[in-house]
Structure formats: C-alpha cells, structure tokens
Amino acid sequence: MVHQVLYRALVSTKWLAESIRTGKLGPGLRVLDASWYSPGTREARKEYLERHVPGASFFDIEECRDTASPYEMMLPSEAGFADYVGRLGISNHTHVVVYDGDHLGSFYAPRVWWMFRVFGHRTVSVLNGGFRNWLKEGHPVTSEPSRPEPAVFKATLDRSLLKNYEQVLENLESKRFQLVDARSQGRFLGTEPEPDAVGLDSGHIRGSVNMPFMDFLTEDGFEKSPEELRALFQTKKVDLSQPLIATCRKGVTACHVALAAYLCGKPDVAVYDGSWSEWFHRAPPESRVSQGKSEKA
C-alpha cells in the first residue's frame, strides 16, 4: 500500500476550544453541528438554536441529501453539496470540524466527515467526544446563530469511497471487497426490528461481517485508540490491508467503520450509500439473511 500522509481525522475538545479562544474561526476553520435524531425524540435544530459550540453552523442532513431518492439519506449531487456547504462559508481551503449532540458522543458526525471526503475535501475532522464532552468539560456555548460569509466550494466525487447497489451485488460473486455492517447485532441477525421503519425487515447482506459502531466508542463517548480499533478488526477477521465496503441501514453508521479504519491507517474504505434500506427492497431474496420471522400478514 502506498504510504499516504493522512489528515487528522479527530481533533480534541481542548484544541477546538483553544482555536475559538484565539480567534481562529473564519474562512480557514469552520465548525458544523451535524446532529440528527429520530422523529419524536429530540429536535436537533431547536437544540442547536438553544446552545452550540461558538461559531458553529447547523448542518441539516435532511437538506443536504438526494431528496428525490426513495432510499434514506442518499448523497446529494456534487452541485447540491457544493452549494450547501458554500452557503455555510466553507471553501476548498477550509478546515472543517464536525460534531453532534448524541449521548453516545458521536453518531452523525462521521457521516458528514465522510461526505466531505467523498466530495474530494480532505481537511475535515470529527470532534472527538462530541458535544457531550464539550459540555461536560465546561467549554463555552452560545445561542447566537452563525452567519458566515458564503464561500465557493468545488465538489469532485471520489468514486473510490462510494459503492452502489450494482457494485455490491457484483461483489457477492467476486468477493473482491470485505463487507462490514455497522448495525447492532440484533438488527444484523434479524432478531430485532429496524427502528422507525415501515416495510423494512431487519437482517443483513449475505457474506457481511457485523461490527456494531458503538464498539468503536468508549463509554465516555470518545473514539477508541488505534490499537484497540485494530484489535476489534482482527477479532472479526477483517483484514485492513484488503479492500473493504462499510454498510448499515442508511449509510450513516457505516461511516464509523470508515473512520475507525482511517484511524488505523486505512483511508480507502468505501461506503455503500443505499445500505440495507436499498438492499432489502432491490436485492434477490437469497442475498438477504435473517433469523427473524417475517411479520407479513
């Protein structure tokens, strides 16, 4: 594997607090709150308006997606992404730091980290520990909305980091890529339902390995060390020297697999954007594995 100098995928709360304190925020450094919660639980935008990291803009993942797709959370077009992040004051020269407010410490932030990377932007980091630890450590918050000057962002899709249905279907035969599913074990096995899902049974793509994304995080909400992450991959017999596709239900927690591998020195994990929500509806029945009983009447 060609040695590649990797941009730091994580920044600490201390580093970000110091950057804000010393006036580094601006065209060269932007912060995004990428929180999203299941309908009927918490309201991400409302919470952002109540308190957020000073200078942070709200990244609405419901807006920055392919709204015409029948599947959940699919990537927007290059032009759509470029326009959206440009309005948040982000150019191709901006260091972007992403966080979310999930109680786990990180949930949607790695998805936005991957979105920037798949559109050709390398200077992007996740706030390690998330807003949960930002608050716990007593760093400043504000209710003042961020109003950055719009910038020009040019998006160039990096197809090596993205896989579609046809490519994953072909991989069932060629087995060129290892396939890792980031959902919980029950949903992977088909013994627990998919939350908030209508017409979507649980289960997994034939041949995939289960690595629940929560296992990459410590109890305190930080990313585990590269040594611990490597051990997790080894335990699941996932070879980080070989090609890898990450999947989940809608291409969100799959990005935790990509981030964990990146922290182990593997920057080329591809995400199957449609993931299980697309696979369940399109793939041949024999390619779907489930231990659960169908509830169909």
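Figure 1. At 7% relative accessibility, His95 counts as buried; buried means under 20% relative accessible area, exposed over 50%, and partly exposed in between, with a 1.4 Å probe and protein chains only. This is a predicted model, in which local features need pLDDT of at least 70 and side-chain atom pairs count only at pLDDT 80 or more, while totals for chains, interfaces and linings use all residues. Residues are numbered from 1 along each chain as its sequence is written, and side-chain values use heavy atoms, with hydrogens and water left out. His95 lies in strand 4; strands (E, at least two residues) and helices (H or I, at least four) are DSSP runs, numbered from the N terminus. Not counting residues up to four places away in sequence, His95 touches Tyr7, Arg8, Val11, Trp15, Gly28, Leu29, Arg30, Thr123, Val124 and Ser125, where contact means heavy atoms within 4.5 Å.

**Figure 2. The parallel sheet around strand 4.** Strand 4 (residues 95-99) and strand 2 (residues 29-33) pair in the parallel sense over 5 bridges; two strands pair if DSSP finds at least two bridges between them. Leu29 stands opposite His95 in this pairing. The open sheet has 5 strands in the order 1-5-4-2-3, with parallel pairing. Strands of a sheet pair through backbone hydrogen bonds, either parallel or antiparallel.

**Figure 3. Arg206 in a loop.** Arg206 sits in the loop between strand 8 (204-205) and strand 9 (209-210). At 33% relative accessibility, Arg206 counts as partly exposed. Leaving aside neighbours within four places in sequence, Arg206 is in contact with Leu172, Glu173, Glu286, Ser287 and Val289. Arg206 and Val289 are 83 residues apart along the chain, yet their C-alpha atoms are separated by 5.8 Å.

**Figure 4. The chain that holds these sites.** The chain contains 10 helices and 12 strands. Its radius of gyration is 19 Å, close to the 19 Å that the globule rule gives for 297 residues, so the chain is as compact as a globular protein of that length; the radius is taken over C-alpha atoms, and the rule is 2.2 Å times the number of residues to the power 0.38. Along its principal axes the C-alpha trace spans about 55 × 50 × 40 Å. Of the 297 residues, 53% are buried. Among contacts with a separation of 6 or more, 78% join residues 24 or more positions apart.
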